[in-house]
Amino acid sequence: MGEVGMRKAPKWRSWMPTSRQLRFKLQSTLARTFPAIGYRYNYFPDNAAPGLSPHQHLLTMDERSSRDLPQQVQAFFTEHGALEQSRYPLAITPSGHTQLRLHKLTDTLVLGSTGATVLKSQHRQIEAAAPNTMRFARLKDRTIQSAAINMLGMATGYRHYYHFLCDVAFPLLFLLEHLEPRTFPLKILLREDLPEFQREFYEFLTQDTPLLTLEECRTNERIHCKTLYHCSPAMNCEFRAPASEQAASMVATHYLAAYGLDMHKAPTQKLYIARNDAKTRRILNETTLIEQLEARGFQSVVPGKLTHREQVKLFNSAKIIVGTHGAGLTNLLFAQAGGKLVEIFPADYIQSAYAWLSHIRGLEYAPVIGEMSGAHQHFTLSQTAIGQILHEVDALEFA
């Protein structure tokens, strides 16, 4: 689900700039020095001027979690979460906090090539530019007459399951809740090749809002928008998304309603989330674990081989979930409170995003550490680790 498998690069490789980095530096310099070139070839730096101050600021709201991560969970990631602590060195972030700022922008471009929003008057884009997403391109002009919201997303990773559901969905729901688009025409700008889980999300938005419509944009177009609404979320930690129990519930309820699923049916399923379709982070001795779980009544599922409706329904009916850290666990958003997640990590890739999802959805959480990973982050489980998984499973079963 949106993951790409790569071998670990040797350390010396990090000392040398890549061709993309060199191109990015050259083109950024040209665009800053000669703005007309940037405009002509649709390459706009993001640091030409600070903030969105020339545009109308409509609203600021804080979204906060009501409870911190449990102490024992914080202690686990404090001891083992080196990946997370390299980005947040002071301490494991105990709670979620996102500040949402709603702006009304005027005279903008939306670039189909990258998904960026550009402020024409300032010759800059409001998203951070990056070597993987920016390059010179000639695009065809098109004008949108009604007000719009840019949901194209930056080109790299815009299809990623976790980031859409956890980072993108709630800010859009928040924006629409406060704009009340029932009173004026509003378009949501989208890419043509939307994955199923995104298309279902957007189409359900329009069902009871006749003035809200979807507008597909091609990669070779740049869209001129006189009025563009923009919600910028600032998170206290990238691993605390959605930021609150309420935000997670809003996203989950939206999908459950879209698929017409019973939100209150008692959960009974025991799920093992396999990664047969993943290029990274596979358990090399997984068969041994699966055999013992299936003997306990578990069903092995590969989320990427199911429709999105099937995934939502399955996780909403799950009592206990066992799986390796990966995008498939994003479906925890649809689990009901009172269940349990047993999350498996390779020893050198440990972070708390799904522990947080479990927490705000009211699930018990148990982490298990495997061996150090090799190529493509594949790893093995010791007999001790397998025993720990089975112990956690049995503990819920006989509680």
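**Ground rules.** I am working with a predicted model, where local features need pLDDT of at least 70, side-chain atom pairs count only at pLDDT 80 or more, and totals for chains, interfaces and linings use all residues. Residues are numbered from 1 along each chain as its sequence is written, and side-chain values use heavy atoms, with hydrogens and water left out.

**Entry on Glu84.** I found Glu84 in helix 4, residues 82-87 (helices are DSSP runs of H or I, at least four residues, and strands are runs of E, at least two, numbered from the N terminus). Is Glu84 buried or exposed? Glu84 is buried, at a relative accessible area of 1% (buried is under 20%, exposed over 50%, partly exposed in between, with a 1.4 Å probe and protein chains only). Leaving out residues up to four places away in sequence, I listed its contacts, among them Ile92, Cys237, Arg240 and Ser352 (contact means heavy atoms within 4.5 Å).

**Entry on Val302.** I placed Val302 in the loop between strand 11 (299-301) and helix 9 (308-316). Val302 is also buried, with a relative accessible area of 11%. Beyond neighbours within four places in sequence, Val302 is in contact with Ala274, Asn276 and Asp277. I also looked up Ala278, which is 24 residues from Val302 in sequence and 9.3 Å away in space, C-alpha to C-alpha.

**Entry on the second largest pocket.** Which helix gives the largest share of the lining of the second largest pocket? I noted helix 5, with 3 residues. Helix 6 (196-207) and helix 7 (245-258) are among the helices that each supply at least two lining residues (a pocket is an open set of points on a 1 Å grid over the protein atoms alone, where a 1.4 Å probe fits, with protein on both sides within 12 Å along at least five of seven lines; lining residues have an atom within 4 Å of a point).
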